[in-house]
Amino acid sequence: MAVTSDGDHDHVLARAAEGLRELTDEGWVRARESVLARVLRAVRPSDHVAGRHAGGRFALATPLLVDRVRAALDVPEGEVRVLDVRCVVGPPAQDAVAGELEAVTVVLSVRFGSRIAGTAELARGAAADAVSAALGADFDARLVTVDLHVADVHPGPARGRPETGPRQADRSPST
Amino acid sequence: MECDVHHTPSKAAPSSADDERAVDDSELVRRARLGDKEAFGELATRHGTAMYRYARRMLRDDGMAEDCMQDALAAALTSMERFRGESTVRTWLFGILTHTVRRRMRVMTRHPEQELPPEGAVGGPADRADDPAAAAQAHGLLEALELALADLPDLQRACWILAEVERMPYADVARVQATSVGAVRGAVHRARLNLGRRLEPWR
């Protein structure tokens, strides 16, 4: 049996592995943008909700509505992080592709140290506004129940100057 | 009632492009799950280079590696809800990729094996312009490694790349390969012996 130096082998292999680790394949550099663009166009099966504007009804995929609600609440330096958004959609009327939005449930994490009730109420308002904006000027958002579920808290940095809640800059405090 | 809340940037909500790098993978998954395509794009950019490196060495074909990347990323995007954080995001993505690579390899067995083109990399050791001799040597070693890797059995090649190149813990490699930690340890050990023999002239 040949005697080999494991240390030498390990050193060569480590150098080789490091070389490979540093490498970016040209094929990926060439392809990544088009691959990503094709992936992001992938359609996820989803329900549709009915919106209304002056021209009539339109259908909106629920992932889009979810993204609008998330974007409204998940603002930089905000007090909440959206963990989930669930839509309850009624059955479509005859010959319609989209049902009526009946309820939206937003599952949240709030920053540790924030006043949960006040922050949640602001979040509810921001979510309702986002639903209203997404489903058109003629959509009656009062018919939609917006439920909030504060499911978690996340660490907050050191306390400093007074904070705004979700979109609080645009809204007056609820109480 | 007053809102007793305070204004400080959080890790989850970066305020500048530089801070964006500080956003961890699980935060990007949370956003992507809620429809944030930019967050998914950041995840794909972050892990794409390593994923492609693995796919290309398993398949030895750029076109198929690209197809696998597209399939794997699309599968990740559409199954984002199923990621529950039992593993790291990277391990989860590699698991999906491994599944698509294996599917493609089954197709490949019906076709003649192709040689991995020798060129086609950027940012590797050959780019070290400050020491041309060292760069040439590193380039040669890398070529020899590519050839040696190509001759390894699939499991050895996969485990060695994941463990040694991507520095994945054995438990994560086992999860990605849907096998046991012991099997991974054995495969990496045999891969080291085989590669060591092939790279003997570089000692």
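How many helices and strands does chain B have? Chain B comes with nine helices and one strand. This is a predicted model, in which local features need pLDDT of at least 70, side-chain atom pairs count only at pLDDT 80 or more, and totals for chains, interfaces and linings use all residues. Residues are numbered from 1 along each chain as its sequence is written, chains are lettered from A and ligands numbered from 1 in the order in which they are written, and side-chain values use heavy atoms, with hydrogens and water left out.

**View 1. Chain B as a whole.** Walk along the sequence and you get α-α-α-α-α-β-α-α-α-α. Helices (H or I, at least four residues) and strands (E, at least two) are DSSP runs, numbered from the N terminus. Chain B has 203 residues, and 51% of them count as buried; buried means under 20% relative accessible area, exposed over 50%, and partly exposed in between (1.4 Å probe, protein chains only). Among the contacts in chain B with a separation of 6 or more, 61% are between residues 24 or more positions apart, where contact means heavy atoms within 4.5 Å.

**View 2. Helices α7 and α8 of chain B.** The axes of α7(B) and α8(B) (residues 170-177) come within 10 Å and cross at roughly 135°. That makes the two helices oblique to each other: angles under 35 degrees count as roughly parallel, over 145 as roughly antiparallel, 65 to 115 as roughly perpendicular and the rest as oblique. Axes here are lines fitted to C-alpha atoms, for helices over the stretch in contact, and angles run from 0 to 180 degrees between N-to-C directions. From α7(B), B:L155, B:A158, B:C159, B:L162 and B:A163 meet B:Y170, B:V173, B:V176 and B:Q177 of α8(B).

**View 3. A salt bridge between helices of chain B.** B:R192 and B:E164 pair up through their side chains, 2.5 Å from N to O. B:R192 sits in helix α9 (residues 181-198) and B:E164 in helix α7 (residues 154-165), so the pair ties together parts that are 28 residues apart in sequence. A salt bridge is a side-chain nitrogen of Lys or Arg within 4 Å of a carboxyl oxygen of Asp or Glu. Both partners are partly exposed: B:R192 at 29% relative accessible area, B:E164 at 22%.

**View 4. Salt bridges involving chain A.** Over all chains, the structure holds 27 salt bridges. One of them joins A:D74 to A:R70, with the closest N and O atoms 3.9 Å apart, and both of these residues are buried. They also belong to a salt-bridge network that links A:D67, A:R70, A:D74, A:R81, B:E27, B:R30, B:R31 and B:D36. Elsewhere, A:D140 and A:R142 meet at 3.0 Å, N to O. A:D140 is partly exposed at 30% relative accessibility, while A:R142 is exposed at 75%.

**View 5. Around A:H154.** A:H154 lies in strand β6 (residues 145-154) of chain A and is buried, at 6% relative accessible area. Leaving out residues up to four places away in sequence, A:H154 touches A:E79, A:V80, A:R81, A:S109, A:V110, A:R111 and A:F112.
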